[in-house]
Amino acid sequence: MSSADVETPAATSSGRTTAGSLGGSLIVSIGLGYVLTVACQRLLSPPDYAVFVTFWGLVMGLGSTLSPLEQELSRQSAVAALTGGRAGRPALRAVAVGMLVAAAFSLALLIPPITEKLFHGDWSLAVIVLCGGVAFACQFGTRGLLIGQHKVKAFSLLVVAEPAIRALVLGALVVSVAYNVVSLAIAVAAGSFAWLLFARPARQLLDVHVEGDGWGVTGRRMGMLLVGAALTAAVITGYPALVGLLAPGGDGDRVGALFAALVIARLPLTLIGPVQSLAVPFVVRLSVTEEGRHRLRRVLALGAAAALVLAALGALVGLWLGPWAVRFVSGPKYDIDGWSVAGLVWSSVLLVPMQLLTAVLVARTQARLVLLTWAVVTGTASLLLVLLPGDTVFRAVVALAAAPTLGLAVVLAFVLRKAPETVPGTTPGTGETSS
């Protein structure tokens, strides 16, 4: 065994420090996110909350759509770090593509019939989505540069700063008794500008003189990744909109209770992005050797099995305690069945390994497989919402549980098959530079 294969105490300590710092920041982020989510449920009337949760789903769904920017820039930054360099112009091109996508999507919301259907004609909410979405592209780019160069402290602070800014703005609105749907929407979008606090250290990790992939290669890769992420968002933050579009209406109280529970349960999934971005450079480093690739496949298989066990246990707890927990958190008007919570928990747990496994495909620059994976998930959910018999809640819960189960099997098959040998920074099977 070579000395390079031996884990030194310093390396072990560094890994523990990284995990501790990132884990702590995620816990704080989740806690602050729950404060905002629950506060909005308590502050707004059910009709107003229905509009707000549509806005929330759109802006957070747009953020989820743009999250591959973080993974792609972390990959570029990590590959550059292996040779002592910095990410170059391809990083800026990737962010520019993300900003363009965010702007195009948000501007479509200003079309009067769409604005009327989504926001009851309040075009200001569409403008807030536009501002928050463009800022999200810059934020994910900043986070990717930081974690790719192992700037864990700055990265962790940025992860916490986003929900902290939202909570501060929310607190100011509550104290001034100036809260309504629009002002709470502004509080949500404000967190997307946290990257401005870290723009200077991120700029030091860029070298604009370094050439690489042109606009065509960058646009195609990011296009596939962003479409895949949009499909992901459709079954996570944007699921209420998908249900409203495809399932029959009616029974508003039960559907509203399901969505209130869904928003709370899905919140941690919006914070998986930092873990995915940490996973990308980890996969890049392991994939250099055959031994590392074998170790990676073993870890992924064991992790998927553990996730299935955890999902089953979580579903049992949700079946037993779920209805009480939802009423306790959201208020007595949110009444939900235990089996609905069980399906929701099963789905939420399985979506975690799904997102981490797709990060492995990102590290291998296999964007087509990422797109195919999420197309299977969203397509399955959509078909079940349309074709299943029963009311909206039944269709929504069954689709919610079945789609990620099938998706996990698909993505696991993709990542466990023997990957082609690659040199960091090249596209598998082509030898073309990818960063």
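Visitor: Let's start with Phe394: what relative accessibility does it have, and what does it count as?

Guide: Quick caveats before the answer: this is a predicted model, where local features need pLDDT of at least 70, side-chain atom pairs count only at pLDDT 80 or more, and totals for chains, interfaces and linings use all residues. Residues are numbered from 1 along each chain as its sequence is written, and side-chain values use heavy atoms, leaving out hydrogens and water.

Phe394 comes out at 34% relative accessibility, so it counts as partly exposed; buried is under 20%, exposed is over 50%, and partly exposed is in between (1.4 Å probe, protein chains only). Phe394 sits in helix α17, residues 392-416. Helices here are DSSP runs of H or I, at least four residues, numbered from the N terminus.

The biggest giver to the patch is helix α14 (residues 290-330), with four residues.

Five aromatic pairs turn up, a pair being rings of Phe, Tyr or Trp (its six-membered ring) with centres within 6.5 Å, called stacked if the planes are under 30 degrees apart. One of them is Phe136 with Phe140, stacked at 5.5 Å centre to centre and 10 degrees between the planes. Those two are buried and lie in helix α6, four residues apart, or about one turn. Then there's Trp324 and Phe328, with centres 5.4 Å apart and planes at 20 degrees, so that pair is stacked too. Trp324 and Phe328 both belong to helix α14, again four residues apart. Trp324 is exposed at 52%, and Phe328 is exposed at 58%. Elsewhere, ring pairs link Phe52, Phe55 and Trp56 into a cluster.

Now the charged side chains. The whole structure holds six salt bridges, meaning a side-chain nitrogen of Lys or Arg within 4 Å of a carboxyl oxygen of Asp or Glu. Arg221 pairs with Glu72, the closest N and O atoms being 3.3 Å apart. That one links distant parts of the chain: Arg221 is in helix α10 (residues 215-234), Glu72 is in helix α3 (residues 68-82), and they are 149 residues apart. Arg221 is buried at 11%, and Glu72 is buried at 2%.

Arg143 bridges to Glu162, with 3.4 Å between the closest N and O atoms. Here the link runs from helix α6 (residues 123-148) to helix α7 (residues 152-175), with the partners 19 residues apart. Arg143 is buried at 3%, as is Glu162 at 10%. Glu162 also meets Arg166 in a salt bridge, 2.8 Å from N to O. Glu162 and Arg166 are four residues apart in helix α7, so about one helical turn separates them, and Arg166 is buried at 6%. Through shared partners, salt bridges join Glu70, Arg143, Glu162 and Arg166 into one network.

Definitions and conventions. Helices (H or I, at least four residues) and strands (E, at least two) are DSSP runs, numbered from the N terminus. Rings of Phe, Tyr and Trp (its six-membered ring) pair if their centres lie within 6.5 Å; planes under 30 degrees apart count as stacked, over 60 as edge-to-face and the rest as tilted.
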